[in-house]
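Please consult the sequence and the structure shown below while reading.

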Amino acid sequence: MTTTHKNYINGEWVDSHTGQVFPSTNPANTSEVLGYFQKSDGLDARSAIEAAAQAFPDWAKKSAPVRGEFLFTLIRLLEEQKEELAAIITSEVGKTLREARGEVLKTIASMKQLTGEATRLTGQTVPSFDERVLGYTVREPIGVFAIIAPWNFPLGIGLWKIVPAILAGNTVVFKPASNTSLISVKLTELLIESGVPKGVVNLVTGPGSVIGDELSNHPLIKGISFTGSSEVGLALGKAVGARGGKIQAEMGGKNPAIILADADIDLAIDCIVTSGFFDNGQRCTGTSRVLVVPEVAEEVKRKLVERARSLKVGNGFDPESHNGPVVDEHQLNLYLHYVQKGIEEGGVLECGGQRLTDGDLANGYFVAPTVFTGITQEMTIAKEEIFAPVIAVIDVESFDHAMEIANQVEFGLSSTIFTNDLQKAFQFVKGIQSGVTHVNMPSTHFESQFPFGGKKISGLGPREQGESALDFYVETKTVYIRP
């Protein structure tokens, strides 16, 4: 019997006021329902907000190191249950078990990084012009934050938003993506088992438009941390900012990889396959544009197409699968839409570009890794985020031309270059308009001890992770004392 899961509000698992539920299904087999979840409305969100507001004063009074004690238990639980967590992610998102295990391990690394932040919630002592005055700053919690997490890394991103928020002394309302509600319920259970007090973390599942409207407009929500599309993130930022709230948004990307004539081509292809094709390209930092100079263009195209054709697409639990299905029908239709746009606008479809329906694949949302050549910067698939395994190869005349094209998009999240010319590498690092960049590495590479975020419409507000992890969730108070 399929389980019906509830919201978690003020320390209790409760039904939605609507009395309605929705299913989460397996994208590899759409007839398999993984669970039913509360189809919440604004009233449910309001209840969660009020519970978080009630819990805030007592939680904020605790010292930061005491607040952080739960993290050590959380890390242990994550390590003990990593195989179960990976299996849930594969069942719900569709990514391969290899990729799901990678998400769990990255999440554990991020939580380990955060264990020290509770004891580093420091201010500054600054000398005054008056020798009788002691001047210093403290960083204080703010109140209730809304956490809106995406479906592509539901465990990792959910926790690396929630944990810094509550370490800083705030309380949260957690709104996960609807199609990853099961792993989000499990995430909440882990926080409860770790010892997080009632009301500090509250979970509400349901439609983003309805719940998001309440979260963005309710005066008790002091800020929203969001990961998702630029369209939604910018709209949230406008709504929250209009009433004086805070916004932290990690949004879309159209990430370039530049390949120069002196590059290790095999290394470049390996990295582009990893970042652009694996996980079905459903990573905000994934490579979706390959900018290649004439000297190596034909070799790059040939090898990239060969690798794309060699990738096995199948159930994520099959150890031979390189990719599972895309997450849902909406994502499948986006893939098909952009493939059609690429063909209509004159791109050359070298491989892929279709839904895969042979055998058991007919029951899921499986798509073929896709390579387009003959792409120019004016074409839709060179400018818009697709979030699927589609790579557009763009011929450029030179390094300078590649830099010009790389920066001619609205996005600025991640980037990479492949070259053995140190001077060109540093010119790239200095001139590329992205918040994260790489040299001779996949554009998806990240480590949790470094700040993460984008420029232009790829990011709003302070960076996530690293030393910046708590910055969004605190306010600075300046203190002057004259005995």
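The buried residues of helix α11 are Ala 297, Val 300, Lys 301, Lys 303, Leu 304, Val 305 and Ala 308; buried means under 20% relative accessible area, exposed over 50%, and partly exposed in between, with a 1.4 Å probe and protein chains only. Helices (H or I, at least four residues) and strands (E, at least two) are DSSP runs, numbered from the N terminus. Packing partners of these buried α11 residues are β12 (255-259), α10, β13, β14 (348-351), β15 (370-373) and β16 (390-395). Helix α11 itself covers residues 297-310, and its 14 residues reach 20 Å from first to last C-alpha. That reach is close to the 20 Å expected at 1.5 Å a residue, the expected span being 1.5 Å times one less than the number of residues.

## Basis of the model

The model is predicted: local features need pLDDT of at least 70, side-chain atom pairs count only at pLDDT 80 or more, and totals for chains, interfaces and linings use all residues. Residues are numbered from 1 along each chain as its sequence is written, and side-chain values use heavy atoms, with hydrogens and water left out.

## Strands around β16

In β16, 5 of the 6 residues are buried, so the strand is mostly covered. Strands β13 and β16 run parallel and are joined by 4 bridges; two strands pair if DSSP finds at least two bridges between them. In this pairing, Val 290 stands opposite Val 393 of β16. Strand β15 also pairs with β16 in the parallel sense, over 3 bridges, and Thr 370 is placed opposite Val 390 of β16.

Ser 288 belongs to strand β13 and is buried, with a relative accessible area of 12%. Leaving aside residues up to four places away in sequence, Ser 288 touches Lys 254, Asn 255, Val 390, Ile 391 and Ala 392, where contact means heavy atoms within 4.5 Å.

## Cavities

On a 1 Å grid over the protein atoms alone, a cavity is a set of points where a 1.4 Å probe fits but cannot get out, and a pocket is an open set with protein on both sides within 12 Å along at least five of seven lines; lining residues have an atom within 4 Å of a point. Grid points are joined across faces, edges and corners, and a volume is the space filled by probe spheres set on the points.

The largest pocket has a volume of about 1,200 Å³. Of its 43 lining residues, Trp 151, Phe 226, Gly 228, Ser 229 and Val 232 are the closest to its centre. Helix α9 gives the most to this lining, with 6 residues.

The second largest pocket has a volume of about 460 Å³. Of the 24 residues lining the second largest pocket, Lys 106, Phe 153, Arg 283, Thr 444 and Phe 446 are the closest to its centre. Helix α5 gives the most to the lining of this second pocket, with 6 residues.
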